[in-house]
Amino acid sequence: MTTDTDRAVPGEPEPRSSAGGVDTETRPPEPAGDEPPRRWLGDRIGSVEILAALLIILIIFREPIAAALDDPRIQTWTTVFVSIMVQAVPFLAFGVLLSAVIAVFVPRSFWARALPRHPALAVPAASAAGVVLPGCECGSVPIAGSLIRRGVTPAAALAFLLAAPAVNPIVLTATAVAFPNNPEMVLARGVASLIVAMIMGWLWLRLGRTEWIRMPRRPELDDASRGRAFWAAVRHDVTHAGGFLVLGAMAAASINVLVPERWLQTLADNAWLSVLALALLAVLLSLCSEADAFVAASLSQFSLTSRLVFLVVGPMVDLKLISMQAGVFGRRFAFRFAPTTFVVALLVAAGAGAVLL
């Protein structure tokens with residue numbers, strides 16, 4: 001005879017039954033089959049599988065890809081992108097390694113002794129520290145993030161972030177080589193950059209808010225040994241800063257291709273527009289601070305003051321730097337800090353050019 005249990009609809013819970021006068025619990029339905037459901041892409045796809053897939057795609061579509069790469073605009077885009085990456089990656093690596101050293105091996109008490117306790121005095125001290133640390137903006141972002149994690153006041157860390165790429169010995173030496181007939185450019189660049197860094201640090205003390213900085217959590221550094229914590233910090237900073245560096249370089253290369261060169265000559269004929277134009281050009285080109293002086297020297301149609309603005313704004317505000325700041329500190333911070341820095345750098349550099357050049 002067929003019972004209610006035999007007629008149970010698949011997928012629905014079984015009704016309670018009495019066995020020896022004892023009620024049994026309702027059991028959930030058993031999944032059909034003994035094997036777990038399969039995934040479309042398998043249990044895991046690693047870098048080897050991705051590389052193999054890319055190689056297969058390149059082999060299949062090699063002819064249309066080769067034809068596309070023959071386009072002069074694509075070649076220019078590729079050249080600009082690769083040049084930015086080649087310039088930036090060594091200094092990014094230096095900054096990431098130094099950031100990991102600061103995060104793991106430098107005790108918090110060191111910064112309490114190295115910097116003045118009063119935040120207003122710590123800002124110029126941190127700005128001056130950029131003079132002795134060679135590096136570009138790609139490395140200064142993770143270093144500044146590590147300083148904040150180690151208890152340094154954000155105002156001082158941000159002042160160092162802005163000063164280090166612009167006033168270190170390598171950058172000032174490159175500026176002197178690029179402008180052999182205008183040694184005053186070295187002084188004007190160093191002074192203007194230090195002033196901007198200190199102003200931004202003091203503005204943060206006055207107007208900044210802690211909630212604007214969203215530092216990524218680093219639980220992997222708490223309980224690990226120093227060696228494991230060091231490499232964990234390196235991997236973390238490379239993932240965040242390096243990924244956004246690639247995005248910024250791609251954006252800079254795209255804009256470099258899209259902006260016609262004839263526009264530059266038109267803007268150079270107007271003294272005020274030339275200053276604004278080179279400030280915007282510095283943001284869009286996203287050059288490394290060790291190389292931007294040679295680009296500025298090549299813009300001979302522009303005045304020395306407008307080229308000074310280019311040299312002061314570029315290491316502090318550009319596309320790749322904004323992208324990296326958004327990745328390390330959060331978008332709320334980057335979208336407030338970058339425009340303010342741009343305005344302050346433009347005004348201070350224009351004033352320094354009027355006085356010193």
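Start at Met 200. Met 200 is buried, with a relative accessible area of 4%. Its place is in helix H9. Keep in mind that everything on screen is a predicted model.

Now show what surrounds Met 200. Leaving out residues up to four places away in sequence, Met 200 touches Leu 162, Phe 337, Thr 340, Thr 341 and Val 344. Pick Val 344 from that group. Met 200 and Val 344 are 144 residues apart in sequence, yet their C-alpha atoms are 7.9 Å apart in space.

Next, select Thr 341. Which helix holds Thr 341? Thr 341 is found in helix H16, residues 331–356. Is Thr 341 buried or exposed? Thr 341 counts as buried because its relative accessibility is 0%, and the cut-off for buried is under 20%. Beyond residues up to four places away in sequence, Thr 341 touches Leu 162, Met 200, Met 316 and Val 317.

Ala 349 is buried, with a relative accessible area of 0%. With residues up to four places away in sequence left out, Ala 349 touches Ala 192, Leu 308, Val 309 and Val 312. Thr 305 and Ala 349 are 44 residues apart along the chain, and 7.6 Å separates their C-alpha atoms.

Turn to the surface. Select Ile 50, Leu 51, Leu 54, Leu 55, Ile 56, Ile 57, Leu 58, Ile 60, Phe 61, Ile 65, Leu 69 and Ile 74. Together they form a nonpolar patch with about 1100 Å² of accessible area. Helix H1 (47–60) and helix H2 (62–69) each supply at least two of the patch residues. Which element gives the largest share? H1 does, with 8 residues.

Phe 61 is found in the loop between H1 and H2. Phe 61 counts as partly exposed because its relative accessibility is 44%, which falls between the 20% and 50% cut-offs.

Now bring in the record. UniProt, in an unreviewed entry, places the feature "transmembrane region" at residues 48–69, 81–106, 155–179, 186–205, 238–259, 271–287 and 333–356. Residues 155–179 are 92% helix and 0% strand, with end C-alpha atoms 33 Å apart. Residues 271–287 are 88% helix and 0% strand, and there the end C-alpha atoms are 23 Å apart.

Zoom out to the whole chain. How many helices and strands does the chain have? There are 16 helices and 2 strands. Buried residues make up 41% of the 357 residues. Among contacts with a separation of 6 or more, 81% link residues 24 or more positions apart. The chain exposes about 20000 Å², and carbon and sulfur atoms supply 65% of that area.

Finish by colouring by pLDDT. The mean for the chain is 76, and 73% of its residues reach 70 or more. Helix H9 (residues 184–207), where the tour began, has the highest confidence, at 94. Strand S1 (residues 18–19) has the lowest, at a mean of 43. Over residues 1–26 the pLDDT is below 50, and this stretch has 14 contacts in the model beyond near neighbours in sequence.

Methods
Residues numbered from 1 in each chain as written. Predicted model: local features only at pLDDT ≥ 70, side-chain atom pairs only at ≥ 80, totals over all residues. Heavy atoms only, no water. Patch = residues over 30% accessible without salt bridge, like charges linked within 9 Å, V, L, I, M, F, W, Y side chains within 5 Å. Areas by Shrake-Rupley, 256 points an atom, 1.4 Å probe, with all protein chains shown as cover. Salt bridge = Lys/Arg side-chain N within 4 Å of Asp/Glu carboxyl O. Helix = DSSP H or I, 4+ residues; strand = E, 2+ residues; numbered from the N terminus. Buried < 20%, exposed > 50% of the residue type's maximum accessible area, 1.4 Å probe, protein only. Contact = heavy atoms within 4.5 Å. pLDDT = per-residue confidence, 0-100. UniProt positions renumbered as here; feature names shortened; annotations may be inferred.
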